[in-house]
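Hi,

Here is the structure I promised to pass on.

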Amino acid sequence: MSKMVNYNCIIIDDDNYAIEGLKRYIELIPSLNLTAFYTDPIKALMELSDAEKVDLILMDIDMPHITGIELSKTLRAKTRRLIFTTAHTQYGYEAFEVEADAYLLKPYTLNKFAATVSRLFPPSGTEVVNEGTSANDYFFVKNKEENHKLIKVYFKDVVTVESKQNYIMIHTVSKQILTYMSLTEIGNILGHFPDFVKYHRSFIINRAHIESITGNMLKMSNGLQITVGENFRKEFLAFLDAKLLKAGRK
């Protein structure tokens with residue numbers, strides 16, 4: 001099975017509400033694995049100073065006793081990537097001085113968070129592993145048509161995602177789920193998996209579920225038919241050329 005490499009991350013923020021929001025975002029990013037969170041920056045300093053290096057620290061700046069800028073001077077060597085999360089704009093220069101990789105201004109959207117993570121940990125870091133189902137193989141999403149009931153969805157079962165103005169329709173192998181989210185936001189999450197692509201401006205498709213192709217028409221495994229958009233034909237033809245079985249090809 002092909003999936004994204006996992007990146008361990010830590011949150012340091014004295015605001016419990018901010019931590020809960022970040023935890024929800026992290027749960028939606030299949031490549032991220034939250035290993036710890038701290039509301040006390042002093043405790044974080046004491047415990048992480050002697051800990052193993054992690055992939056990512058998400059750190060608030062305006063905290064009691066010690067600021068995120070001061071804390072990062074000690075902990076910067078303990079993380080591959082450092083993202084400051086703050087409600088204040090005046091710390092940009094200090095963040096640059098301590099070599100922060102990104103600066104997210106609160107309140108930031110899932111779209112902004114996912115795009116930042118994707119930039120720091122590009123999807124090209126995929127690897128092939130053989131193992132059973134893990135926590136990063138699925139996500140939960142609210143279905144508007146079932147009283148906002150939380151529905152479990154496996155990434156491998158997603159056939160297409162369709163834009164519906166302020167909503168998206170997630171078409172899986174067995175059901176359809178309507179949820180409040182933009183196509184761009186879900187695209188930043190699915191972008192961690194190489195088979196999820198856009199061949200039409202209103203759809204993200206899972207290439208693993210293309211059942212047949214007639215000209216520019218794709219028939220998906222759930223019966224949905226999608227026409228490849230004019231602006232996406234070059235990418236589509238490159239994919240088709242790479243996958244097409246031809247006589248004489250080695």
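First, the ground rules. This is a predicted model, where local features need pLDDT of at least 70 and side-chain atom pairs count only at pLDDT 80 or more, while totals for chains, interfaces and linings use all residues. Residues are numbered from 1 along each chain as its sequence is written, and side-chain values use heavy atoms, with hydrogens and water left out. Helices (H or I, at least four residues) and strands (E, at least two) are DSSP runs numbered from the N terminus.

Let me begin with the parallel sheet. Five strands form an open sheet in the order β3-β2-β4-β5-β6, with parallel pairing; two strands pair if DSSP finds at least two bridges between them. β3 and β6 are its edge strands, each pairing on one side only. Neighbouring strands here are turned by 20 degrees against each other on average, direction ignored. Six bridges hold the parallel pair β4 and β5, and M59 stands opposite F84 in β5. Helix α3 (residues 68–75) lies across β2, β4 and β5 and runs at about 160 degrees to β4. Axes are lines fitted to C-alpha atoms, for helices over the stretch in contact, and angles run from 0 to 180 degrees between N-to-C directions.

The other open sheet also has five strands, ordered β12-β11-β10-β14-β13, with antiparallel pairing. β12 and β13 stand at the edges with a single partner strand each, so one side of each has no neighbour in the sheet. The twist averages 25 degrees from one strand to the next. β10 and β11 run antiparallel and are joined by six bridges; T160 has H171 in β11 as its bridge partner.

Next, helix α5 (residues 110–120): its buried residues (under 20% relative accessible area, 1.4 Å probe, protein chains only) are L110, F113, A114, T116, V117, S118 and L120. They pack (heavy atoms within 4.5 Å) against α1, β3, β4, β5, β6 and α6.

Finally, which element gives the most to the lining of the largest pocket? α1 does, with nine residues. β3, β8, β11, β12 and α6 are among the others that each supply at least two. The lining divides into 25 nonpolar, eleven polar and eight charged residues, where Ala, Val, Leu, Ile, Met, Phe, Trp, Tyr, Cys and Pro count as nonpolar, Asp, Glu, Lys and Arg as charged, and the others, Gly among them, as polar.

Best wishes

Technical notes. Buried < 20%, exposed > 50% of the residue type's maximum accessible area, 1.4 Å probe, protein only.
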